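Subject: Structure handover

Hello,

Please find the structure below. My notes on it come after.

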Amino acid sequence: MAKKAKRQSGGTPATVALTAAGTAYTVHAYEHDPASPSYGEEAAEALGVSPDRVFKTLVADVDGELTVAVVPVAGQLDLKALAAAVGGKKAAMADPAAAERTTGYVRGGISPLGQRKRLRTVLDRSASGHATICVSAGRRGLEVELAPGDLAELTGAVLAPIGRV
């Protein structure tokens, strides 16, 4: 992993939060194609990283409370498993406008880090099988690579099997 990035004027709330915490990370930028059907798969391909190491950030509504789920782009979110991971009964994908308003990020660029309002977060357990993973850095076409343990610590995430292939 590269040296810790310095705070730049073009930084996002996610990179600012990482820098402030003193966490080692690497920023990866790529040219985002607005016609791409999947932001996560586009990122994996553009960066040349296996899709099981690139994680997408999804916002779900669990029993009326917005919850962040971070799962590999190679799979899907298991809503029942997400609800169970946080002691809830029912989960559904959140309204995109509510997710954007609450996190401060746009769809396709929602990062689990540096959100406007800190939401409870669940990171798929498969992340712990990798030295580093990539998640959105808070903008389409920008990913941040960091250790999964650092991501869990900074977001207060619990690890649980919430992804399915």
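The notes go from the whole chain to single residues.

This is a predicted model, in which local features need pLDDT of at least 70, side-chain atom pairs count only at pLDDT 80 or more, and totals for chains, interfaces and linings use all residues. Residues are numbered from 1 along each chain as its sequence is written, and side-chain values use heavy atoms, with hydrogens and water left out.

Whole chain

The chain has 5 helices and 10 strands; helices (H or I, at least four residues) and strands (E, at least two) are DSSP runs, numbered from the N terminus. Its radius of gyration is 14 Å, close to the 15 Å of the globule rule for 165 residues, so the chain is as compact as a globular protein of that length. That radius is taken over C-alpha atoms, and the rule is 2.2 Å times the number of residues to the power 0.38. Along the principal axes, the C-alpha atoms fill a box of roughly 40 × 30 × 30 Å.

Of the 165 residues, 45% are buried (under 20% relative accessible area; exposed is over 50% and partly exposed in between, with a 1.4 Å probe and protein chains only). Among contacts (heavy atoms within 4.5 Å) between residues at least 6 apart in sequence, 61% join residues at least 24 apart.

Helix α1

In α1 (residues 13–21), the buried residues are Ala-14, Thr-15 and Leu-18. They lie on the same side of α1 because they cover an arc of only 95° around the axis, the arc being that of the directions from the helix axis to the C-beta atoms. Their cover includes strands β1 (26–29), β7 (133–139) and β8 (142–146), together with helix α5 (148–155). After α1 comes Gly-22, with a positive phi near 75°.

Asp-63

Most residues other than glycine have a negative phi. Asp-63 is not a glycine, yet its phi is positive, about 50°. Asp-63 sits in the loop between β2 (55–62) and β3 (65–72), and its relative accessibility of 46% makes it partly exposed.

Ala-43

Ala-43 belongs to helix α2 (residues 39–47) and counts as buried, at 0% relative accessibility. Leaving out residues up to four places away in sequence, Ala-43 touches Tyr-30, Val-54 and Glu-143. Between the C-alpha atoms of Ala-43 and Ala-99, which are 56 residues apart along the chain, the separation is 21 Å.

Regards
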